[in-house]
Amino acid sequence: MIDVKLYDKETPTWCPGCGDYGVLTALKRAAANLELDPSRTVVVTGIGCSSKINSYFYSYGIHTLHGRAAAVAEGIKLANPDLEVIVAGGDGDAYAIGTEHFVHLARRNLDIAYIVMDNQIYGLTKGQVSPTSEEGFVTITTPYGSPEKPVNGPLLAFSAGATYIARGFSGDIVQLSKLIEDGIRHKGFALIDVLSPCVTWNKINTYDWYKAHSYQLKDHDPSNKAKAFQILSDEDHLALGLIYKKEEKIYEEKLPRKFVANPFQNIEVDKSIENIYEEFL
Ligand SMILES: Cc1ncc(C[n+]2csc(CCOP(=O)(O)OP(=O)(O)O)c2C)c(N)n1
Ligand code: SF4
């Protein structure tokens with residue numbers, strides 16, 4: 001097995017106690033168990049505290065724009081399907097500004113794992129309401145309490161056709177690293193939604209709050225779609241573990257044979273701009 005230290009990079013600048021530390025440790029353990037080659041792995045993130053995770057994980061990585069990680073990841077995967085592509089970021093990144101990319105990535109079933117660190121608030125920008133904040137949640141942008149119903153991210157992924165949906169907790173690194181490992185191993189789109197407290201700005205959804213509002217799935221068959229829907233719909237009791245899994249053809253396999261046999265990275269590019277002009281103009 002590879003030493004987890006291989007994936008060490010910069011020292012994180014997250015606040016002491018931030019849930020994202022647990023996610024980083026779990027990701028490193030999953031990578032070590034899978035023996036991921038850093039030179040064949042890309043971690044794509046958006047903008048946010050959580051999106052800094054690829055600065056702290058040794059592999060290739062792109063820190064894209066807020067909400068655009070899924071779109072960039074899709075492009076990378078299609079250009080070079082041999083790469084292990086992992087997306088990571090916050091609830092704001094995935095379930096607000098990036099929703100359109102998130103939904104379409106899930107429904108296309110590309111072979112990409114997406115880790116969402118859900119802290120139910122905007123951490124980086126200092127505590128504004130987020131798409132997963134609960135109704136009535138008081139923040140600097142909702143001083144009278146949020147009037148909005150929260151987005152249920154895993155249920156959104158389910159309705160879009162995601163083929164692997166799991167929920168972990170950054171306070172349980174052993175389970176979380178297994179869910180991430182299995183999500184990366186899964187052939188198709190995998191969502192690993194993580195309850196990951198922001199200890200600085202969210203004083204409601206704390207480690208203790210998540211412990212009190214979550215439970216471990218037991219004797220659950222993740223291929224049971226009706227049961228998975230029922231579990232995902234229960235927003236008062238957050239299920240932890242693998243909720244849904246389905247084997248399905250991935251997007252890459254449905255493309256014309258010519259494309260798959262000869263992805264972009266193998267195409268010889270004639271760098272002469274004159275030749276390109278000649279061909280297209
Ligand atoms: C287009 C655009 N809009 C807004 C912002 C400001 N912004 C940066 S991070 C962020 C939200 C961060 O929340 P989340 O994605 O949940 O990540 P967290 O910091 O909580 O981990 C916002 C609104 C931005 N950088 N770009
Ligand atoms: S502000 Fe919140 S999310 Fe950001 S590093 Fe601090 S604890 Fe983590």
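Which element gives the most to the shell around ligand 1? In this predicted model, local features need pLDDT of at least 70, side-chain atom pairs count only at pLDDT 80 or more, and totals for chains, interfaces and linings use all residues. Residues are numbered from 1 along each chain as its sequence is written, while chains are lettered from A and ligands numbered from 1 in the order in which they are written.

Helix H3 gives the most to the shell around ligand 1, with three residues. Helices (H or I, at least four residues) and strands (E, at least two) are DSSP runs, numbered from the N terminus. H3 (91-95) and strand S3 (84-90) each supply at least two residues of this shell. Ligand 1 is surrounded by 18 residues, of which the closest are Gly-48, Ser-50, Gly-90, Gly-92 and Gly-123; a residue is near a molecule if its C-beta atom, placed from the backbone, lies within 6 Å of it. By class, the shell around ligand 1 has six nonpolar, ten polar and two charged residues (Ala, Val, Leu, Ile, Met, Phe, Trp, Tyr, Cys and Pro count as nonpolar, Asp, Glu, Lys and Arg as charged, and the others, Gly among them, as polar).

The residues around ligand 2 include Trp-14, Cys-15, Cys-18, Asp-20, Cys-49, Gly-123, Cys-198 and Trp-201. Eight nonpolar, three polar and one charged residues make up the shell around ligand 2.

The axes of helix H2 (residues 69-79) and helix H4 (residues 99-108) come within 7 Å and cross at roughly 40°; axes are lines fitted to C-alpha atoms, for helices over the stretch in contact, and angles run from 0 to 180 degrees between N-to-C directions. H2 and H4 are therefore oblique to each other (angles under 35 degrees count as roughly parallel, over 145 as roughly antiparallel, 65 to 115 as roughly perpendicular and the rest as oblique). Ala-70, Ala-71 and Glu-74 of H2 meet His-101, Phe-102 and Leu-105 of H4, contact being C-beta atoms, placed from the backbone, within 7 Å.

Asn-109, which follows H4, has a positive phi, near 55°.

Definitions and conventions:
Two residues are in contact if their C-beta atoms, placed from the backbone, lie within 7 Å.
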